[in-house]
Amino acid sequence: MMPVIPGKERKGLWAFVIASATTPLALIIPTSCGAACGVCPVPGGCFALPAIVVLIVALRSRLQEMGTRILGVIR
Amino acid sequence: MTVIETIQKNRWRYLSLVMGFFLFVGPYAIIARMINTATGSMASPTLHTLCYRMPIDWLFGGRWYALLGSVAAVFILAVVILAFFMGPVFCGWLCPVGSVSEGVSRATPLPDRFRLRIRDPQITKGLRYGFFVGFIAVSMIVGYKIASMSSVCCRYCTSSILQNMANGLTGQMSAITYWHTGSLITLFSWLVIGGIFMSGGRGWCLFFCPLGVLSNLSHTVGKKLGMYRISYNADKCQDCTKCQVSCPTWAIDTDKSVDSHLCITCKECTNACPHEAYEYGRRR
């Protein structure tokens, strides 16, 4: 029988899986293209993106709320 | 609680964080100078002398020989042992990298509703350990030469950025040539996303610092064995949520319990709570 993971733990597990899967990718991509040796016009630029995307996905509802508030202030 | 009250109640920690800058960051780097004097080293005293990352990279990458005689490895071991007995006090009271982002966040007059905060510590923990596992995986790939590549350890290092910013303040030209796109993105994610736009300003510490993860793992084991920790007394709690608002690492759950995987024993919650529901001490 499959173990049942409660809601809170399941969210944490998903966050763990996504973060652990994207970080190596984020670090390896610039290495394979030779970043930080000056060849690439954006050395290291790509490796930070997956990590930032993970954070944005994890915080998307809060970001939406913030965006609505900022637009409210501007208007 | 007003800003003045917060500063008054946490004055010793803020003073300690300022002291941490002078202890670890060059050109002052008092601890590095002391180590250099003791070992007879002629190396320039900087934050790199006590690197937070390289020894962890060597450890998981199978380069144990590099750990022998490494001052940085001894430093990391000392921080982890201290966290076992006292909690991650280095992170909360001395770390210059965390103190700069926290300081920038606190000094920026941005209302809290515009800042990010993950309310569920399970998600914060999941992301934190996930990034750490990724860091270990890359250390192993590099160290065991599973793929042909150079070390990625310093590619996104906030310590390097902080040291170069300090170099710039003292007029060293190397501070200008250091900057590249990668370091600018790291600076942005450290001080802007992780600092100004995250409640508490400890975003980088929470998600990307390997030393912070090791300290909190050590603290969690120490807590189970009855060492020093922040403990919560539900009988005194009046549900005012000041503890959750004050915690820079989002370690306080909705039931007000303190998560030892995230807590840096900064004691902001013990000082913010008007009912003394939080207490720092040893308890079984």
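**Questions on a predicted two-chain model**

Student: In this predicted model, does Ala19(A) count as buried or exposed, given its C-beta neighbours inside 10 Å?
Tutor: Ala19(A) belongs to helix H1 (residues 7-32) of chain A. A residue needs 20 or more other C-beta atoms within 10 Å to be classed as buried. Ala19(A) has 25 such neighbours, and therefore counts as buried.

Student: Which residues of chain B is Ala19(A) in contact with, once neighbours within four places in sequence are left aside?
Tutor: Within chain A, the contact of Ala19(A) is Val54(A). From chain B, the contacts of Ala19(A) are Gly126(B), Leu127(B), Gly130(B), Phe131(B) and Gly134(B).

Student: Which residues have the most contacts inside the largest nonpolar core?
Tutor: That core has 73 residues. Its largest share, eight residues, is supplied by helix H8 (residues 121-143) of chain B. The residues with the most contacts inside the core are Leu127(B) and Cys269(B).

Student: Which residue of chain B is in contact with Leu127(B), leaving aside neighbours within four places in sequence?
Tutor: The contacts of Leu127(B) include Ala15(A), Ala19(A), Val54(A) and Ala58(A) from chain A. From chain B, the contact is Phe207(B).

Student: Which helix of chain A has the highest mean pLDDT?
Tutor: Chain A has three helices and zero strands, and its average pLDDT is 69, with 56% of the residues scoring at least 70. Over residues 34-39 of chain A, pLDDT stays under 50, although the model has 13 contacts there beyond four places in sequence. Among the elements of chain A, helix H2 (residues 48-58) has the lowest mean, 73, and the highest, 77, belongs to helix H3 (residues 60-74).

Student: What pTM does the predictor give the complex?
Tutor: Chain B averages a pLDDT of 89, and 95% of its residues score at least 70. For the complex, the predictor gives an ipTM of 0.80 and a pTM of 0.86.

Student: What radius of gyration does chain B have, and why does it agree with a compact globule?
Tutor: The C-alpha atoms of chain B fill a box of roughly 55 × 40 × 35 Å along the principal axes. Residues 24 or more positions apart account for 71% of the chain B contacts with a separation of 6 or more. A compact globule of 284 residues would have a radius of gyration near 19 Å, so chain B agrees, at 19 Å.

Student: On helix H5 (residues 71-86) of chain B, how wide an arc do the buried residues cover around the axis?
Tutor: The buried residues of H5(B) are Ala72(B), Ala73(B), Phe75(B), Ile76(B), Val79(B) and Ala83(B). They lie on the same side of H5(B), because the arc they cover is only 160°.

Student: Which helices of chain B do those buried residues of H5(B) pack against?
Tutor: H5(B) is followed by Gly87(B), whose phi is positive, near 90°. The partners of the buried residues are H4 (54-60), H6 and H13 (210-224) of chain B.

Student: What is the omega of the cis peptide bond that joins Gly26(B) and Pro27(B)?
Tutor: Most peptide bonds are trans. Pro27(B) is found in the loop between helix H2 (11-24) and helix H3 (30-39) of chain B. The cis bond that joins Gly26(B) and Pro27(B) has an omega of about 5°.

Student: What distance separates the C-alpha atoms of Tyr232(B) and Lys256(B)?
Tutor: Tyr232(B) has its place in strand E1 (residues 228-232) of chain B, and Lys256(B) is in the loop between helix H14 (242-246) and helix H15 (268-272). Lys256(B) has a positive phi of about 75° although it is not a glycine. Lys256(B) is among the contacts of Tyr232(B), which also include Ser257(B) and Val258(B). Although 24 residues apart along the chain, their C-alpha atoms are separated by 7.4 Å.

Student: Is Glu276(B) buried or exposed?
Tutor: Glu276(B) lies in the loop between H15 and strand E2 (278-282) of chain B. Its phi is positive, about 55°, although it is not a glycine. Glu276(B) has 10, and so it counts as exposed.

Terms used: Residues are numbered from 1 along each chain as its sequence is written. Chains are lettered from A and ligands numbered from 1 in the order in which they are written. This is a predicted model: local features need pLDDT of at least 70, side-chain atom pairs count only at pLDDT 80 or more; totals for chains, interfaces and linings use all residues. pLDDT is the predictor's confidence in each residue, from 0 to 100. A residue is buried if 20 or more other C-beta atoms lie within 10 Å of its own, exposed if 12 or fewer, and partly exposed in between; C-beta atoms are placed from the backbone. Helices (H or I, at least four residues) and strands (E, at least two) are DSSP runs, numbered from the N terminus. The arc is that of the directions from the helix axis to the C-beta atoms. Two residues are in contact if their C-beta atoms, placed from the backbone, lie within 7 Å. A nonpolar core is a set of buried Ala, Val, Leu, Ile, Met, Phe, Trp, Tyr and Cys residues joined through C-beta atoms within 7 Å. The radius of gyration is taken over C-alpha atoms; the globule rule is 2.2 Å times the number of residues to the power 0.38.
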